[in-house]
Amino acid sequence: MFIQQLLNGLTMGSIYALLAVGVSMIYKAMGMMNFAHGDTIMLSAFFCLTIYSAGLPLWAAILIAPFISAALGLCLERFVYRKLEYGSFSNLLIATVGVSFIMKNSAVGIWGAQKHNFPPLFSMKPIHIGSFTILPQCIGMLAIAAFFVGVLQLFFYKTKIGKCMRAAASNAEGATMMGINVSFTRFLTFGISAAFAAVAGILMSPIFYVSTTMATNVATKGFAAAILGGFGSITGGFVGGLILGIIEAIGGAYIATAYKDVISFVVLILVLYFCPNGLFGKKTEQKM
């Protein structure tokens with residue numbers, strides 16, 4: 001029973017982890033909280049479903065959708081957030097809320113408010129190991145999340161552009177003095193973050209169906225995971241997502257399913273009480 005719930009927690013935790021990594025990247029690079037991230041997830045799922053419904057194979061739709069989402073993220077950075085010059089945390093916060101409102105209502109106008117079925121990504125045949133059962137989607141979702149986060153870490157620490165992005169995120173003024181194009185690194189960060197949102201949206205679509213509200217609760221959990229791990233830390237976001245998923249699954253199974261959300265957020269508050277910056281976070285200051 002415990003192992004089964006642990007696997008269930010890792011499944012949902014992998015989605016939370018991808019979301020947490022995306023919002024942590026933007027926070028680290030620009031000092032802003034992107035409340036439109038959940039709507040990027042939703043639009044990515046619709047992009048993938050629309051491409052698939054047009055007659056292309058599912059694998060092709062899955063490959064194309066993240067690029068469309070990345071392009072959307074790049075456009076938002078270039079034509080919306082960059083105009084605010086990243087000078088005020090509150091102004092950027094309001095801008096993301098406005099973008100979220102526009103994205104959600106646009107989706108309702110294009111695809112409607114009803115739920116849409118999404119084809120399964122993995123085999124539905126369970127794998128039996130001893131006394132417990134594993135669904136292929138549990139293994140697949142965790143493996144995909146770990147793969148993308150691992151690739152992202154290699155990109156940041158082993159490539160020249162990745163190192164420039166880290167330098168710009170740590171000290172934008174110092175990076176500019178060293179000849180790093182900070183505007184371009186922020187531009188690229190938004191694209192990568194949106195692509196991660198697309199991966200999360202595609203993975204969760206067979207479970208939650210595709211609708212304009214599919215990511216509302218999950219996006220909140222993604223932010224909670226980022227806070228738990230430490231806002232701005234990619235490793236913290238990934239670990240925080242997995243921990244939150246496990247707490248939610250085990251709490252729901254052994255205490256009450258109706259209170260699983262309450263349990264996960266109570267644990268989050270307790271962790272922040274003793275570790276205000278999260279598990280891997282560092283103290284930062286924000287301009288209001």
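**Ground rules.** I am working with a predicted model, in which local features need pLDDT of at least 70 and side-chain atom pairs count only at pLDDT 80 or more, while totals for chains, interfaces and linings use all residues. Residues are numbered from 1 along each chain as its sequence is written, and side-chain values use heavy atoms, with hydrogens and water left out.

**Helix α9.** Helix α9 covers residues 216-229, and its 14 residues reach 20 Å from the first C-alpha to the last, close to the 20 Å expected at 1.5 Å a residue (the expected span being 1.5 Å times one less than the number of residues). I then checked its burial, where buried means under 20% relative accessible area, exposed over 50% and partly exposed in between, with a 1.4 Å probe and protein chains only. Of the 14 residues in α9, 10 are buried, among them Val-218, Lys-221, Phe-223 and Leu-228. The buried residues of α9 pack against α1 (2-30), α2 (37-53), α8 (182-208), α10 (234-254) and α11 (260-274), with contact meaning heavy atoms within 4.5 Å. Just after α9, I noted that Gly-230 takes a positive phi of about 115 degrees.

**Aromatic pairs.** I counted rings of Phe, Tyr and Trp (its six-membered ring) as paired if their centres lie within 6.5 Å, with planes under 30 degrees apart stacked, over 60 edge-to-face and the rest tilted. The count by this rule comes to 11 aromatic pairs. Tyr-81 and Phe-190 are stacked, because their ring centres lie 5.1 Å apart with the planes at 25 degrees. Since Tyr-81 belongs to helix α3 (residues 58-81) and Phe-190 to helix α8, this pair ties together parts that are 109 residues apart in sequence. Both Tyr-81 and Phe-190 are buried. I also looked at Phe-184 and Phe-187, a tilted pair at 6.5 Å centre to centre and 40 degrees between the planes. These two residues are 3 apart in helix α8, so about one helical turn separates Phe-184 from Phe-187. Phe-184 counts as partly exposed at 39% relative accessibility, and Phe-187 also counts as partly exposed, at 23%.

**Surface of α11.** Val-266 lies in helix α11, and its 41% relative accessibility makes it partly exposed.

Note on methods:
Helices (H or I, at least four residues) and strands (E, at least two) are DSSP runs, numbered from the N terminus.
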